[in-house]
Amino acid sequence: MDYQNRAGSKFGGGGVASTSATNADRRERLRKLALETIDLDKDPYFFKNHVGSFECRLCLTVHQNDGSYLAHTQGRKHQTNLARRAAREQKEGRAGTDPVTGLPIGMVGAQVNVRKNVVKIGRPGYKITKIRDPVTRQQGLLFQLQYPEISVEVQPKVRFMSAFEQKVDDPPDKNFQYMLIAAEPYETCGFKLQAREVDRTNDRFWTWWDSDLKEFWVQVMFKTEREERYSGVPGLAPSGIPRR
């Protein structure tokens, strides 16, 4: 096929680029321009979901890679939404948005969760004990973690994570859940548990931080099969509690 004698093409330069090729070249130029001016770590609207895609929280769009997201930030839709958000905040009398935290400038001095670069020093020592309630016959686990070098005024935090949120076991198994315990400067510990409902009533789930011994205790009690099966049924008393 003759590419040189097409209308509008120069001799030796090939044919006229198609619409798709022009759009691809435009997106690539926008991506390179955005990489020079935008830091994704400081973008308050950038979010990576659990399936590895990238989302724009402002425009509610999903992108398959960071290049697509960066090209989106330079597009008309994103820029229009930014202008609308700024105009709305100005109309409501709110301050501008801080580029680092994504919060109003008036709240920068408040207590906010900001990502910090902390050098990890390894995992803490831990001990796990199986426990059982003698009355309700509930099964549970008692975790004891030791943080001798924990940062000043820092207490460990506990969070439960489903199998579809984690990135370690692939493919995820819905029969398991994960309990995460984080404390700087130690690495976050993850414990793989059965995907059973945790009983949070009557102080059956509790945490305790011993600031003198630098030990953190967590007790997790699982609901019995009867409670999981009939939870929420009106008039059904939990196991271990007599009916009147």
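Here is a quick tour of a predicted model of one protein chain. The chain has 244 residues, and 29% of them count as buried. There are 4 helices and 10 strands to keep track of.

- Going along the sequence, the elements come in the order α-β-β-β-α-α-β-β-β-β-β-β-β-α.
- Take the contacts between residues at least 6 apart in sequence: 45% of them join residues at least 24 apart.
- The chain exposes about 17,500 Å², and carbon and sulfur atoms supply 50% of that area.

**Confidence**

**Aromatic pairs**

- The count of aromatic pairs comes to 7.
- One of them joins Phe46 and Tyr69, an edge-to-face pair with 5.0 Å from centre to centre and 65 degrees between the planes.
- Phe46 belongs to strand β1 (residues 46–48) and Tyr69 to helix α2 (residues 66–73), so this pair ties together parts that are 23 residues apart in sequence.
- Phe46 and Tyr69 are both buried.
- Tyr147 and Tyr186 also pair up: their ring centres are 5.2 Å apart with the planes at 75 degrees, so this pair is edge-to-face.
- Tyr147 sits in the loop between β5 (139–146) and β6 (157–162), while Tyr186 sits in the loop between β7 (176–182) and β8 (189–194); the pair links distant parts of the chain, 39 residues apart.
- Tyr147 and Tyr186 are both buried.
- Ring pairs also join Phe46, Phe54 and Tyr69 into a cluster.

**Charges over rings**

- Lys192 places its charged end over the ring of Phe176, 4.6 Å from the ring centre.
- Arg200 lies over the face of Phe205, and here the distance to the ring centre is 4.8 Å.

- As background, most residues other than glycine have a negative phi, and most peptide bonds are trans.
- The peptide bond from Glu184 to Pro185 is cis, and its omega is near 5 degrees.
- Pro185 is found in the loop between β7 and β8, and Tyr186 is in that loop too.
- Asp203 is not a glycine, yet its phi is positive, near 60 degrees.
- You'll find Asp203 in the loop between β8 and β9 (206–210), and its 64% relative accessibility makes it count as exposed.
- Lys214, again not a glycine, has a positive phi of about 60 degrees.
- Lys214 is in the loop between β9 and β10 (215–221), where it is partly exposed, with a relative accessible area of 30%.

**Cysteines**

- Searching the whole structure turns up 0 disulfides.
- Cys59 is in no disulfide: the nearest cysteine sulfur belongs to Cys56 and is 3.9 Å away.
- Cys59 counts as buried, at 9% relative accessibility.
- Cys189 is buried as well, with a relative accessible area of 6%.

**A closer look at Ile128**

- Ile128 is located in strand β4 (residues 125–132).
- With a relative accessible area of 41%, Ile128 is partly exposed.
- Leaving out residues up to four places away in sequence, Ile128 touches Leu141, Leu142, Phe143 and Phe191.
- From C-alpha to C-alpha, Ile128 and Gln144 are 6.4 Å apart in space, and they are 16 residues apart in sequence.

Methods:
Residues are numbered from 1 along each chain as its sequence is written. This is a predicted model: local features need pLDDT of at least 70, side-chain atom pairs count only at pLDDT 80 or more; totals for chains, interfaces and linings use all residues. Side-chain values use heavy atoms; hydrogens and water are left out. Rings of Phe, Tyr and Trp (its six-membered ring) pair if their centres lie within 6.5 Å; planes under 30 degrees apart count as stacked, over 60 as edge-to-face and the rest as tilted. Helices (H or I, at least four residues) and strands (E, at least two) are DSSP runs, numbered from the N terminus. Buried means under 20% relative accessible area, exposed over 50%, partly exposed in between (1.4 Å probe, protein chains only). A charge sits over a ring if NZ of Lys or CZ of Arg is within 6 Å of the ring centre and within 35 degrees of the ring normal. A disulfide is a pair of cysteine sulfur atoms within 2.5 Å. Contact means heavy atoms within 4.5 Å. Accessible areas come from the Shrake-Rupley method with a 1.4 Å probe; for residues, only the protein chains shown count as cover.
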